[in-house]
Amino acid sequence: MRLDKYLADCGIASRSESKKLIKSGNVQVAGIHNLRPETQIDPEAVAVTVRGVPVRYRRFVYLMLNKPQGYLSSTRDGRQPIVLDLVPEEFRHFDLFPAGRLDIDTEGLCLLTNDGQLAHRILSPARHIPKTYYAKIKGKVTPEDVQHFSQGVILDDGYLTKPAQLEVLTYGEVSEIALTITEGKFHQVKRMFLAVGKEVIYLKRIRMNRLELDPALPLGKMRELTEEEISRLEG
Ligand code: URA
């Protein structure tokens, strides 16, 4: 791999800034510093430092976003804002995409990565990865609804959902609930409540598999996952 690309991939600087850093002698590879941007290196094998500080090579990045309302979790589609618009400069050169969809008015845990294989593994319908949502529902959610959801509900198109775990957090004219589903049909949570005559008025994803949304992460902000959190996504 070219040295300037390597530095850009590691998030050290943009490609053009990396070229300048290399030409100014601030980059060392195995102790050598009269290098050129096109110098070829083996990213897995070689020790690179920038101004004496070792560089950690990483090909893949995994970011947890607390998605705000008003952003599409797709790649560019017309003029609507998209979650990738929220990515800070330091991660922009990675080829990030959102792993999974949330509606424009849904908030919460959204995973951004450039690791297509991991995304495929966690999104594959065959794996039944559980996802948990917190929601506010117009109307009283009843024990019958809990029972009904545990057997699966029939959506407007006739599809019988997989059993889902519904927990009522507060009962009232507006009820608060947590719902865990293991599939991802279009508008699934909203349509499951419609199937029992109720309306979702606020929806937030709080968990994917064993990975929880960091409660300290403000809306619209993102941070890298730790190694442990990455393993919680899959295991
Ligand atoms: N179910 C929905 O209805 N909307 C989402 O964004 C996610 C799950």
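In the predicted model, an oxygen atom of the ligand is placed 2.8 Å from a side-chain N or O atom of Thr106, a polar contact (a pair of N or O atoms within 3.5 Å). A polar backbone atom of Val189 lies 3.0 Å from a nitrogen atom of the ligand, and a backbone N or O atom of Lys190 is 3.1 Å from a ligand oxygen atom. Of the 230 Å² of accessible area that the ligand has on its own, the protein covers 95% (Shrake-Rupley method, 1.4 Å probe).

The residues surrounding the ligand (a heavy atom within 4 Å) are Leu102, Asp103, Thr106, Tyr133, His187, Gln188, Val189, Lys190 and Leu203. Helix H5 (residues 188–195) contributes the most to this shell, with three residues; helices are DSSP runs of H or I with at least four residues, numbered from the N terminus. Domain 2 (62–125 + 214–234) and domain 3 (130–208) each supply at least three residues, with bounds from an automatic or database domain assignment.

Residues are numbered from 1 along each chain as its sequence is written. Local features need pLDDT of at least 70, side-chain atom pairs count only at pLDDT 80 or more, totals for chains, interfaces and linings use all residues, and side-chain values use heavy atoms, without hydrogens and water.

Methods. A polar contact is a pair of N or O atoms within 3.5 Å; within protein, one must be able to donate a hydrogen and the other to accept it, and residues adjacent in sequence count only if both atoms are side-chain atoms. Helices (H or I, at least four residues) and strands (E, at least two) are DSSP runs, numbered from the N terminus.
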